[in-house]
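Morning, everyone. I have one structure to walk through today. Please look at the screen.

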Amino acid sequence: MKKTTYLTSDQRAELIEQCLDWYEDWQATDPITYPDTRETLKNEMQILNNSDLIKHINDYYIGGNDSIFNYV
């Protein structure tokens with residue numbers, strides 16, 4: 001059985017915005033490594049279902065003690 005993740009629309013929007021804020025910080029310090037625009041990444045994340053969104057966030061935005069879930 002596949003696990004499902006329930007997020008309210010507000011929680012989902014907050015997670016996406018936090019990731020995009022982090023991405024902008026990374027892009028400001030190394031624009032060659034992070035060439036994508038905020039809108040491109042936002043569009044990519046918005047089409048994901050909740051479970052895939054959480055997996056994407058885990059794979060690309062969470063690291064060590066600076067977990068995004070400490071901020072939400």
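This is a predicted model: local features need pLDDT of at least 70, side-chain atom pairs count only at pLDDT 80 or more; totals for chains, interfaces and linings use all residues.

The protein chain has 72 residues, and 28% of them count as buried. It holds three helices and zero strands. From the N terminus on, the order is α-α-α. Now the surface. The accessible area is about 5200 Å², and carbon and sulfur atoms hold 50% of that. On to contacts. Take those with a separation of 6 or more: 63% of them join residues 24 or more positions apart.

Next, packing. How do helix 1 and helix 3 pack? Their axes lie 12 Å apart, at an angle of about 25 degrees. The cut-off for roughly parallel is under 35 degrees, so helix 1 is roughly parallel to helix 3. The crossing of these two helices is left-handed. Who makes the contact? From helix 1, we have Arg12, Leu15, Ile16, Cys19 and Trp26. From helix 3, we have Asn50, Leu53, Ile54, Ile57 and Tyr60.

Last, the core. The largest nonpolar core has 13 residues. Which of them touch the most other members? Met45, Leu53, Ile57 and Tyr61 do. Helix 1 gives the most, with six residues.

Let's stay with Met45. Leave out residues up to four places away in sequence, and Met45 touches Arg12, Ile16, Cys19, Leu20, Leu53, His56 and Tyr61. Of these, Arg12, Ile16, Cys19 and Leu53 also take part in the contact between helix 1 and helix 3.

That's my tour. Thanks.

Technical notes. Residues are numbered from 1 along each chain as its sequence is written. Side-chain values use heavy atoms; hydrogens and water are left out. A nonpolar core is a set of buried Ala, Val, Leu, Ile, Met, Phe, Trp, Tyr and Cys residues joined through side-chain atoms within 4.5 Å. Buried means under 20% relative accessible area, exposed over 50%, partly exposed in between (1.4 Å probe, protein chains only). Helices (H or I, at least four residues) and strands (E, at least two) are DSSP runs, numbered from the N terminus. Contact means heavy atoms within 4.5 Å. Accessible areas come from the Shrake-Rupley method with a 1.4 Å probe; for residues, only the protein chains shown count as cover. Axes are lines fitted to C-alpha atoms, for helices over the stretch in contact, and angles run from 0 to 180 degrees between N-to-C directions. Angles under 35 degrees count as roughly parallel, over 145 as roughly antiparallel, 65 to 115 as roughly perpendicular and the rest as oblique. A crossing is left-handed if the near helix is turned anticlockwise from the far one by less than a right angle, and right-handed if clockwise.
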